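Good morning, everyone. Please look at the structure as I put it up. I'll keep this short.

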Amino acid sequence: PKSVIILVMTKKRWVATLILVIVCIAITVLLWWQWQSNKNVAAPANSPLLSATSTNESLVIDQSLSSNMLYVGEVFWGRGIEYYAKRSPLGYAFPFSGLTNSDKQEFDAWIGDMECPITDKDIPYQTQVDSLMFNCRPEYTAEAAKWFDVLTLANNHTDNNGGVWGIDQTRKNLDTAKIQYFGDYNMANTQNICDVAAMPAIYDKGTGLPQEVTMPVALCGFDYVGNVQPKQAEFDVMKKYAKVMPVVAMPHMGVEYRPTAEPAKEAIYRDLIDNGADIVIGAHPHVVQNSENYKGRLIAYSTGNFMFDQQPLGRDTTLTLGVGLKLQIKDAAVIDAYRTATNCSAWHDDCLEQLSEKVQSRPEILVSYSNRCFDQSSNVPKKASQAVCDDILNRATWKAATAGLATTW
């Protein structure tokens, strides 16, 4: 009968529903038990989950800290450059008038060799010509600060105006302009050889929203003009910096106007690499010299004049090689230490001591190189034409020197 059939079908549906409910309850109980078990198990210290969910920003995955720097040669706005500046409607801006914003914005920081004391005690023009005793007026520093972040004072001209008084005045005037500095004309002052520069840098914590921060880089200046013989104690200064941060050496020595480095200079610059420098960028000859790859590290023996008044000496003294250096760090713990270090932009600060406490060993540093060429045949530095740049790079033996360089420090 139909009633019997309906009853049988109803009982089957009821049984099926009951089975479905039981299965659902079982699955729910199993998932709850698994969740409780996971809660009671501690993630290992190197667990990706711990790194990704930790409230400590230093453990965020895919962080990077990078700074792209440009190193150029001699900088000087005294003597002939001041002569033209006084006669130009641009005044103190004249020495920098050939540069453009795009030149500056290609790099996070510019570093140069300030080959002149900066004081308000004038030296007559003819005395500067006859005696090679220079002075650069402090009024130009406001314009210089639009371009330069750091200047080295380790050369044979920062003692030209009052010796210690002149270099002290130079430091005070650079402080006022908020330009960092390092180095000394007197190598006996070993405490002045290196200093930490707070290089403008980009911090990306993996969110796609980079922040402008700073990266500590040790800059070390060496004045070996006049057959001054290096001492091991001077090289040793770099080693304590090299333990926790990248080191750039900027020596000043060699035969002027010579197109290639002499053997004595080569030996000293290689010693700098052997004693902790990651790269050597030289000055003093006033012309571009050859470069080389030494143990995977770049040595640029002379980058030439960037801003100088030696146009009457010929074309060679109007050419400049700018060495582009990009550094990138991906070690999360070191990034946290670097970007949170304080007071790293002051002269003789305690930045090194801070980092020595926080950084157990220097991280792997990714490095890449580039170049920029400048021509100051028109009395002010300008970006060089492609033909002129090809000549500069040929003089610098750039292609051969940069082939096979280490991509990590």
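Which residue forms a salt bridge with Asp-316? The partner is Arg-395, with the closest N and O atoms 2.9 Å apart. A salt bridge here is a side-chain nitrogen of Lys or Arg within 4 Å of a carboxyl oxygen of Asp or Glu. This pair links distant parts of the chain, 79 residues apart. Asp-316 sits in the loop between E11 and E12, and Arg-395 in helix H12, residues 386–395.

Some ground rules. This is a predicted model, where local features need pLDDT of at least 70, side-chain atom pairs count only at pLDDT 80 or more, and totals for chains, interfaces and linings use all residues. Residues are numbered from 1 along each chain as its sequence is written, and side-chain values use heavy atoms, leaving out hydrogens and water.

Back to Arg-395. Arg-395 also forms a salt bridge with Asp-391, at 3.2 Å between the closest N and O atoms. These two are 4 residues apart in helix H12, so about one helical turn separates them. Shared partners join Arg-315, Asp-316, Asp-391 and Arg-395 into one network. The structure holds 18 salt bridges.

Is Arg-395 buried or exposed, or in between? Arg-395 is partly exposed, at 26% relative accessible area. Buried means under 20%, exposed over 50%, and partly exposed in between, using a 1.4 Å probe and protein chains only. Asp-316 is partly exposed too, at 37%.

Now strand E12, residues 319–329, which holds Thr-320. Thr-320 is buried, at 0%. Beyond four places in sequence, its contacts (heavy atoms within 4.5 Å) include Val-72, Phe-306 and Ile-392. Thank you.
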